[in-house]
2 protein chains.
Amino acid sequence: MLTVTRTNHDRMANAIRALSMDAVEQAKSGHPGLPMGAADMATVLFSRFLKFDPKAPTWADRDRFVLSAGHGSMLLYSLLHLTGYESMPMAEIKRFRQLGSKTPGHPENFETLGVETTTGPLGQGIATAVGMALAERHLAATYGRDLVDHHTYVIASDGDLMEGVSQEAIAFAGHMKLNRLIVLFDDNGITIDGKISLSDSVDQVKRFEAAGWAASHVDGHDPEAIAAAIEKAKASNVPTLIACRTTIAYGAPTKAGSEKSHGSPLGAEEIKGARQKLGWNYPAFEIPDDIYELWSAPAKRGAEARTAWETRLGKTGSGKRAEFERRMAKEAPVKKLNGAVRAYKEKLAAEPLNIASRTASENALGVLTEAVPEMVGGSADLTGSNNTRPKGMPVLDADNYGGRFIHYGIREHGMAAAMNGMSLHGGVIPYSGTFLVFSDYCRPALRLAALMGERVIHVFTHDSIGLGEDGPTHQPVEHLAALRAIPNFHVFRPCDAVETLECWQIALETRHGPSALALTRQNLPQLRKQNDKKNLSAQGAYEISPAHDGKAKVSIFASGSEVSLAVEAQALLKERGISARVVSVPSFELFAAQDEKVRKKVLGRTKVNVGVEAAVRQGWDAIIGSNGIFIGMKGFGASAPFKDLYKHFGITAEAIADAAASKVK
Amino acid sequence: MLTVTRTNHDRMANAIRALSMDAVEQAKSGHPGLPMGAADMATVLFSRFLKFDPKAPTWADRDRFVLSAGHGSMLLYSLLHLTGYESMPMAEIKRFRQLGSKTPGHPENFETLGVETTTGPLGQGIATAVGMALAERHLAATYGRDLVDHHTYVIASDGDLMEGVSQEAIAFAGHMKLNRLIVLFDDNGITIDGKISLSDSVDQVKRFEAAGWAASHVDGHDPEAIAAAIEKAKASNVPTLIACRTTIAYGAPTKAGSEKSHGSPLGAEEIKGARQKLGWNYPAFEIPDDIYELWSAPAKRGAEARTAWETRLGKTGSGKRAEFERRMAKEAPVKKLNGAVRAYKEKLAAEPLNIASRTASENALGVLTEAVPEMVGGSADLTGSNNTRPKGMPVLDADNYGGRFIHYGIREHGMAAAMNGMSLHGGVIPYSGTFLVFSDYCRPALRLAALMGERVIHVFTHDSIGLGEDGPTHQPVEHLAALRAIPNFHVFRPCDAVETLECWQIALETRHGPSALALTRQNLPQLRKQNDKKNLSAQGAYEISPAHDGKAKVSIFASGSEVSLAVEAQALLKERGISARVVSVPSFELFAAQDEKVRKKVLGRTKVNVGVEAAVRQGWDAIIGSNGIFIGMKGFGASAPFKDLYKHFGITAEAIADAAASKVK
């Protein structure tokens, strides 16, 4: 830890306050309160502790910093500017919240170097940071402390801690003993509506202790107290919460300590007063050289650390080093992966399997996790139902960070957010499992994965009324549509063991986006019996069973478990003298991305189009047309054995054939 | 509190165990572990404390019981059967998990009398119960303890407490000092994956204390200890957690205490062993008369309480009584409501307002909450942004349960679940607010509201890129589609002040289903200037601006803030000699429910159809056809002033007119 005199500390912190209030004022929009209140915490952290190098923002062994309270983005932008990130010149500070700037309203990691994760939706940052800290422990166990030895720091707000996902995150972090995780809580006692006493009485320190954390209170404007607390946290064997009592908009003459400073510009008069109060006698957007000089120290320290690390990396054996670098660069081992897929496809062609797609996924994982060592699996307490733990995969826990399977507990949201953090950290491709219906629980984290373009893979089993007796609370009907609605998010619904393997392959190769695999509980026949070298699922939709005479009058489009029903219906129609073709649609998104020619060919030109999916119609009109027949669900499911349900809701081969035949002239 | 001898207690509890293991066995599916483990807790609660009357399952002043761990449904069904609910004969117990039975896999309040709320998705039950307990306090403050004076009891599992929503719920309940809420935690140390130590180390008692609860441990198989703890809880001035240490599948010879008993039938051999161990020497589904006799006592006690309550109700002044009964019957005051709407429509016609629809909603709430006293509002810490607190509405908090506006804190999920509970309790129509993008956070509770058909109303403001600078994390693009996908859920996106009022009216009149209003931050012109007596929005879609010459070549369909753009585009097209009509689509669901004739008329017969919505296309094909032009969002938004964004993403009157014109031949 460096020491910094009080005067220097104050001037460094005031630079953050000035930039923050000025940028918000210029944008006529933004949140000055948090950056001004948390400036002391952030200054202590960045000036004395944080290991980073602005010249190498993606250096693998840097400390990670997460501003969970993303609305205080000017805090982060100020720090990036002051510490010397070339990508954050003053011009960008001045363009705060403008189109195409590096300074969007909330921190976006895909826009701005030095931003570790996108934050803003409260609770996500702290939960994401848990994943980063876990990835660090996993990679440290795998590659050794010479290569991986860093901390994850978080600044979190009241709102972050009120959100439910924070409980999942802190309980999981406490259980996993993630002692490299240090959370600074900006305990300013103010929310948007007013004093926190309007809506909250939680004793946060006690709550974190209950979750297995070390936790304490400090004066958030006392740099030495903050520094001492961080020092202690670094020596802890469990994660640490430091509740820093602060004054929101510290320095503002009338709005400090008030919700009025939270989410809007302070106004010229108030800013003038703040300048006086803080003794900051410089014009807007002007930082004197001596302060830049003070702020250059951390970068120098970071550069030294990085050089030392690079020396250690250089001394690492070439095989281990190449593998480490490959993983940190997020490059999947394509050759091994393709080889594994090829071999397993051959096997499936030789011995077709009529199994549930969740079991097909388990089988695929057996070979894929072998080929892709960065895959780290898990389940939200449904390991035996999601089939996400291939045989022999060791558990990753506080006793064995080198393991590869995580018991996330009944914490879907925390799991999905942690997965985002693991992917962001690099070196890990996280995949995990829950029931499809519970994708609702983790939606905010799924959305962030899509927005950030992170490769996280969600196994969502029990994907329809096909799960049977558990009934409507457990039967997804709208979830496929709801997930397909998310931009940059791949939803796969494979129809058999071969498609399941293909979809896994695509998900692993999709470097810049999340995927979900919707899988069945019930058995499905293997429809793809020949050994296709090509990944047919990659087209999103393809003719899986052509018309027997090449003169189809009916096209039946289906996904997942309903493709085999479609094939049965095709046979029934043939008996009635009606020629039909069947198109499997494992991915709407990939199909929509095909060029017009391919799309037209797959859609075909039959007058009668039928869509079949045990889910709501929404989205299918794009494939079957608004005049197409849809066989699926109109409302919620029911509790009964699954075969009874398919019959009850009219999703049968007979119903498909009847509906199609009624329209054929 | 009644006393029950230990022998009688054991026999009563064993009846639950026997029915539960037998029903699961017969269904070849289900969860025997929880009912057998929690049988003692439940027996103590139902036999000595719970105030209920099987002859009057919906009696207003009954205690509410919520089985948050809904997978243990056989516990509840056994209790309903044993305590004498006529709607739960043994025949239904034998039909556990079969199509159309009163005994679905998870408790469904809409299927089974005596089930207070649908549970199964973990965490929902406890969070819903918080709303019930809050409604009780509110109505007690409003109507007095003579009419409203009851408790809400919950049995919750590890899973319920691991879910994040539980934190939001307990923090809120603790803050609100809901001392009539008593949670029995079935602390059996087992989750589906195995011992809870695989995934959790939280000290739950400490955690609840941190949230302002009274909390303690007891032996969950010691009836007197449980009874003493409940007795103490009833005297507490804060909510109480009683962590009952239990053995899952208590009585099963080899599977007790093991995850193997959680989610599948025990098997004939194990059941035989359990019968021996429990000293239960009766065949499957047979309950000896003396046990029925023992179990009849609570109902007798309940009937007496109900009779006494009815006497008190009879003595209540007729006006107050009628109002109380109206509210508990969930009948909105239609006449007053319609009068208020009519008067306000007149005013809007006289003085059109160009305001944001969130402001229009605030204005509407001013008159509606006056007419409908059971409306209880709130916001998840965005009161000033959601505009859900009309002027003068008093705050409902621990100091004033009679207030009508709730500061829910930054707890969207807990808020939505509590709203479900308030509606289920009866006497309250809850409405509340957050940003549309955060509907993701409360989706599991929204889904349950739709499944149960509860009238909760969500105000979702900042409904598109129109919110501007906060950027993509705050800009919904997929949320309208994702919400529209939920069956039995009304999504309204009004285009101006008049439609906003109309949508509010429909939402309030929709007795059996939830609604959401998607509202803007930015100002919108009032398009509806004449005083339409009819609620035009009720049709879901209607021609808001006909073609000037009655010979439209283009139909432009739009919702919300984009309707005024469509009207501008219509004018631009007219200048180019192209006749166009504009259809406003405030509700997809209501439009889909219209008969074919109405639908066809509204859709029209123009060759060129354009859909406009600042969101993804999904769902629009049903209106504009898969060949229709869609002007909207293709991906996530960006951070910038909103006018820049509309231009950047090509959602402008010019773009609409150009696209339409290019297709007109």
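Start with α2(A) and α3(A), which lie oblique to each other (oblique is what's left once angles under 35 degrees count as roughly parallel, over 145 as roughly antiparallel and 65 to 115 as roughly perpendicular). Select residues 33-49 and 73-82 of chain A to see the two helices packing at about 40°, axes 9 Å apart. Helices here are DSSP runs of H or I with at least four residues, strands are E runs of at least two, and both are numbered from the N terminus. Axes are lines fitted to C-alpha atoms, for helices over the stretch in contact, and angles run from 0 to 180 degrees between N-to-C directions.

A word on ground rules: this is a predicted model, where local features need pLDDT of at least 70, side-chain atom pairs count only at pLDDT 80 or more, and totals for chains, interfaces and linings use all residues. Residues are numbered from 1 along each chain as its sequence is written, chains are lettered from A and ligands numbered from 1 in written order, and side-chain values use heavy atoms, without hydrogens and water.

Next, pick the UniProt "binding site" positions from the unreviewed entry, including A:His31, A:Asp470 and A:His474; such annotations may be inferred rather than shown by experiment. The annotated set spans 491 residues, with the farthest two C-alpha atoms 48.5 Å apart, so they don't all gather at one spot.

Zoom to A:Asp470, in the loop between β12 (457-461) and α19 (479-484) of chain A. A:Asp470 is buried at 16% relative accessible area (buried means under 20%, exposed over 50%, partly exposed in between, with a 1.4 Å probe and protein chains only). Show chain B too: A:Asp470 touches B:His31, B:Arg97, B:Gly105 and B:His106, leaving out residues up to four places away in sequence (contact is heavy atoms within 4.5 Å).

Finish on A:His474, also in the β12–α19 loop of chain A and buried at 6%.
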